[in-house]
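Subject: Structure handover and notes

Dear colleague,

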Amino acid sequence: MDINDVKLITENILKLVKENRDYLLDLDSQFGDGDLGISMVQGFSGVKDYLETSEEKDLGKLFFKMGMTFNESAPSSLGTIISFWLLGIGGSLKGKENADINDVKIALENGISKLKEKANSKEGEKTILDSLCPATKVFANNIDKGKTVLEILKEASDAATKGSEATKNMMAVHGRAAYHGEKTIGHVDGGSYVGKLIFEGIYNYYKEKAEKLY
């Protein structure tokens, strides 16, 4: 993975976020501010614009700036949370212009650790972690099993989807949704759905890349 990959992955994620903008707005309107779809489009658009003009080759510095840009472009609680995740990823990639699959594994795990630490949250609390965590675990656990990168990413994407769907059975304990308590059970968490779209976008990019080789 190099800067060009990061640019195209971001474009794929942004495409999905735009396509799901209204659904995200609907999810957020139930117990949140009702602006999730708008803020996520703003966040990923801001990162895309930054990447189009950036000449930074150091992936660590690149992700650090992506995190700062996302936070500025999406002034919301989830915007800040995703920026923590991006900063954590960047912390593992300092000095690297190319990252192999093991580098990415460590970076994703570091992103989760940073997010948990800064947001004071964990899995099972109806947040984006409920999709990012299972996807990251599946990614990490499948590296040494003789599978292709595309197979690993497909399984990670599927895990993120299942993780997001599982938030229906959880009660929110963070943010405005927490005030609604048990009423939040039965509804998918908007943040977890964004996490699902992130891994779906990563998989879609590498799928397209593989198809071009044949």
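Which residues lie nearest the centre of the second largest pocket? They are M1, I9, F63, V104 and I202, out of 28 residues that line this pocket.

Before the details, please note that this is a predicted model, in which local features need pLDDT of at least 70 and side-chain atom pairs count only at pLDDT 80 or more, whereas totals for chains, interfaces and linings use all residues. Residues are numbered from 1 along each chain as its sequence is written, and side-chain values use heavy atoms, with hydrogens and water left out.

The pocket

The second largest pocket has a volume of about 480 Å³. A pocket here is an open set of points, on a 1 Å grid over the protein atoms alone, where a 1.4 Å probe fits, with protein on both sides within 12 Å along at least five of seven lines, and lining residues have an atom within 4 Å of a point. Grid points are joined across faces, edges and corners, and the volume is the space filled by probe spheres set on the points. At least two lining residues come from each of α1 (3-19), α3 (36-53), α4 (59-73), α5 (77-92), α6, α8 (149-166) and α9 (190-212), and α1 gives the most, with 5 residues; helices are DSSP runs of H or I with at least four residues, numbered from the N terminus. By class, the lining has 25 nonpolar, 1 polar and 2 charged residues, where Ala, Val, Leu, Ile, Met, Phe, Trp, Tyr, Cys and Pro count as nonpolar, Asp, Glu, Lys and Arg as charged, and the others, Gly among them, as polar.

The core

The largest nonpolar core has 55 residues, of which M40, F44, M66, I82, W85 and V194 touch the most other members. α9 gives the most to this core, with 9 residues. Such a core is a set of buried Ala, Val, Leu, Ile, Met, Phe, Trp, Tyr and Cys residues joined through side-chain atoms within 4.5 Å, and buried means under 20% relative accessible area, exposed over 50%, and partly exposed in between (1.4 Å probe, protein chains only). Leaving aside residues up to four places away in sequence, V194 touches L24, L36, M40, F44, L78 and I82, a contact being heavy atoms within 4.5 Å.

Salt bridges

The count comes to 11 salt bridges, each defined as a side-chain nitrogen of Lys or Arg within 4 Å of a carboxyl oxygen of Asp or Glu. In one of them, K48 pairs with E52, with the closest N and O atoms 2.5 Å apart; K48 and E52 are 4 residues apart in helix α3, so about one helical turn separates them. K48 is partly exposed at 22% relative accessible area, as is E52 at 46%. E109 and K105 form another salt bridge (3.3 Å, N to O), and both lie in helix α6, 4 residues apart. The side chains of K122 and E125 also meet in a salt bridge (2.8 Å, N to O), and E125 is buried, with a relative accessible area of 13%.

N120 is exposed, with a relative accessible area of 65%, whereas K126 is buried, at 7%.

Best regards
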